[in-house]
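Biologist: I am new to this structure and would like to go through its charged side chains. Could we take them one at a time?

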Amino acid sequence: MTRDALKRDKRRYAFLIGLSVAVLVVFAFALFSVQIIHGEEYSAAHDALSVSNVTVEGARGQILDTNGNPLVTNRQGNSIIFDGSYFPSATKQSERNEIIIALIKLLEKNKLEWINALPIELDKNLKPVFIEDMESDIAFLKSKDYLYLNDYASAQNCFDALVERYEVESYPIKDQIKIISVCYNMKKLLFTTDNPYVFAEDVPETIISYIKENSDFYRGVDVQIVTYREYVTGSLAPHILGYVDSINAEQYEEHKADLEERLAVPGLSSDEIASIKAKYGYGLNDKIGQFGIESAMEEYLRGKDGIRTTTEDANGNKKTGYTKNPVQGDTVILTIDTTLQRIAQEALEKRISQLPYNEYLPAAGAVVAVDVNSGAILASATYPTFDLNTYKKDYSLLTEDKASPLWNRVLQNTYAPGSTFKPAVACAGLEEGVITASSTFTCNGVYRKFTDQTFKCLGVHGNIDVREALNQSCNIFFFETGLELGINKMNTYCKLFGLGEKTGVELSEASGNLASIEYRNSQGGTWYPGDTVQAAIGQSDNLFTPVQLATYCATIANGGTRYQAHYVKAVKSYDFTKTVVDNTKPTVLNETGFKKTTFDTVREGMRRVGARNSALNSCPVNVAAKTGTAEITKIVDGKNVSGTNGLLISFAPYENPQIAIAIVVENAETGSSTAQIAADIYTAYFSQVGEAERVESFNTPLR
């Protein structure tokens with residue numbers, strides 16, 4: 001063997017010896033780690049025959065008003081759940097049935113409710129019938145994922161199949177359907193050892209104690225301490241606050257698809273995936289905001305779920321504990337002021353209650369107050385209204401009410417603005433130069449510029465300028481101004497006020513409509529010259545929401561800055577250590593760019609309106625305003641029914657505007673008749689504290 005070959009062999013032997021030593025070292029370290037460092041963990045895992053994890057819902061965050069007063073909080077309560085680790089399995093259906101019917105009778109004896117989602121009920125002859133408006137549940141019942149029946153299967157067919165499936169033949173029919181309803185929902189909500197089933201919610205301690213005392217019989221029936229939404233004053237701002245309820249099938253599928261889309265992003269780390277699932281994943285038993293702030297701020301209000309783990313060892317011993325603690329959701333702070341909101345609601349209800357009864361045009365209305373220097377909504381009231389604390393119980397009655405108490409009129413109803421539109425037209429005329437502050441038109445009560453149409457004014461005002469035309473609400477002056485402008489130029493300026501556009505609030509809102517040739521054509525109609533003069537006084541196709549009217553008025557008040565309207569002031573972490581969202585710095589949507597003299601002239605005309613209205617003139621500060629009356633015609637039960645809506649926009653103080661208000665009262669005689677509502681709000685706003693202190697209250701972050 002050559003010397004070079006010997007060297008190569010020695011190197012190989014050295015390498016093999018080194019490799020062997022390295023392997024032995026790694027093996028020794030692994031053995032040490034298993035037996036010494038993690039010995040208890042591996043021992044427990046070895047001893048455990050099964051491990052099940054249950055998601056524990058984190059409490060929702062609170063909702064506060066602008067001054068930190070609680071509007072929506074949480075309280076603890078008891079839910080009765082079925083724990084899949086202990087509850088009889090599906091192979092022991094008879095044992096399940098015994099426990100279920102005993103629980104149902106226990107709750108019914110104490111006049112308590114349990115969750116019943118079966119789309120079948122018994123009629124007066126004890127015959128199974130489908131329940132109306134449960135089409136999706138009926139479809140699931142018949143689907144191949146459940147009973148696998150034909151689409152035309154009757155309620156009796158479904159019921160018979162359910163009786164057989166759940167082995168309830170020996171029970172009376174009234175008990176059969178009760179047991180079936182629970183078993184149906186367990187199946188639908190995917191009851192497993194990892195997914196407990198909620199049998200009943202908000203159960204009193206007396207019932208809980210009884211179940212615990214008889215735990216040998218109620219096997220797998222457990223109690224879960226959960227948080228329930230507490231509406232401090234259920235009748236305060238219900239349309240704004242919203243409601244939380246169990247997620248429905250459509251919402252579940254929608255969020256499931258959203259989650260899958262978020263998880264499909266390539267390159268996500270395991271931590272990122274876990275974070276996305278925690279934030280956007282929903283289970284079939286979860287609660288979710290259904291409308292209002294509860295829905296709009298769902299991603300912040302929703303708590304972070306925890307995990308409760310149950311392990312079973314070789315001897316059948318089970319141990320349960322938290323492996324991940326739940327975390328409460330963020331706190332949402334609104335711009336709403338509790339005092340102003342209450343005053344606004346009471347004033348609106350009082351004024352509407354004074355109207356004569358009209359079976360075809362039910363009494364209704366809306367009022368909204370905004371900070372002119374930020375767009376923050378200070379009060380937002382709709383009438384008729386409802387109570388969040390009884391919302392679920394009253395839901396059927398509320399949906400059947402012809403006055404639509406669930407409808408948020410501030411954001412979702414659109415109204416012809418009537419003469420409240422005239423300040424916008426005055427601004428357009430002054431900016432375009434078709435009128436000046438000293439220009440006059442002659443009003444003799446009748447307008448005959450068109451051979452085929454005659455328009456009227458409600459008075460005979462003689463020679464009148466723009467300030468007094470606003471004060472007297474002279475139609476003739478604005479007919480002339482509108483005709484000189486033309487509809488396109490008029491709209492160019494009016495769009496700068498956001499009229500006919502969404503304001504950008506966090507909640508669902510209607511966009512309204514600014515009358516135009518394009519819109520009329522889109523509806524299959526024809527625009528005539530007479531439509532331009534009608535549009536100039538707030539009629540024609542003009543339709544705006546109350547919140548649009550308020551922000552439009554605020555833009556006039558502050559000198560031309562249109563701010564985004566908003567209900568959310570800030571979002572804080574549940575312990576207030578972190579600011580998640582800060583809306584205290586206003587969002588500017590646009591600047592009108594109008595001359596100061598334009599706004600000065602228009603505001604002076606609006607001040608004259610406020611000065612001659614007895615209600616507004618009694619306020620602790622000077623108020624500027626514009627009233628409006630708009631004719632309405634509706635078809636109700638096949639009949640043409642007509643009436644008038646009363647409207648008002650206003651701001652105060654005239655010298656240093658801080659707050660703007662818009663009011664609509666349906667079927668009121670005049671807009672001026674709504675002024676007392678605004679007066680009550682202004683009195684409350686400016687009488688509680690000093691002016692400077694009040695400004696700071698609404699424009700600084702809550703600390």
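Biologist: Which side chain meets K489 in a salt bridge?
Modeller: This is a predicted model. K489 lies in helix α19 (residues 487-495) and is partly exposed at 42% relative accessibility. The N to O distance in its salt bridge is 3.1 Å, and the partner is E432.

Biologist: How many residues apart in sequence are the parts that K489 and E432 tie together?
Modeller: E432 is partly exposed, with a relative accessible area of 29%. E432 belongs to helix α16 (residues 422-432) and K489 to helix α19, so the pair joins parts whose separation in sequence is 57 residues.

Biologist: In which helix do K596 and D600 both lie?
Modeller: K596 forms a salt bridge with D600, with the closest N and O atoms 2.7 Å apart. The two are four residues apart, about one turn of the helix, and that helix is α23.

Biologist: Is R603, which meets D600 in a salt bridge, buried or exposed?
Modeller: The side chains of R603 and D600 meet at 2.9 Å, N to O. Buried means under 20% relative accessible area. R603 has 12%, so R603 is buried.

Biologist: Which residues are linked with R60 in a network of salt bridges?
Modeller: The count of salt bridges comes to 27. The network links R60 with R229, E294 and E298.

Methods. Residues are numbered from 1 along each chain as its sequence is written. This is a predicted model: local features need pLDDT of at least 70, side-chain atom pairs count only at pLDDT 80 or more; totals for chains, interfaces and linings use all residues. Side-chain values use heavy atoms; hydrogens and water are left out. A salt bridge is a side-chain nitrogen of Lys or Arg within 4 Å of a carboxyl oxygen of Asp or Glu. Buried means under 20% relative accessible area, exposed over 50%, partly exposed in between (1.4 Å probe, protein chains only).
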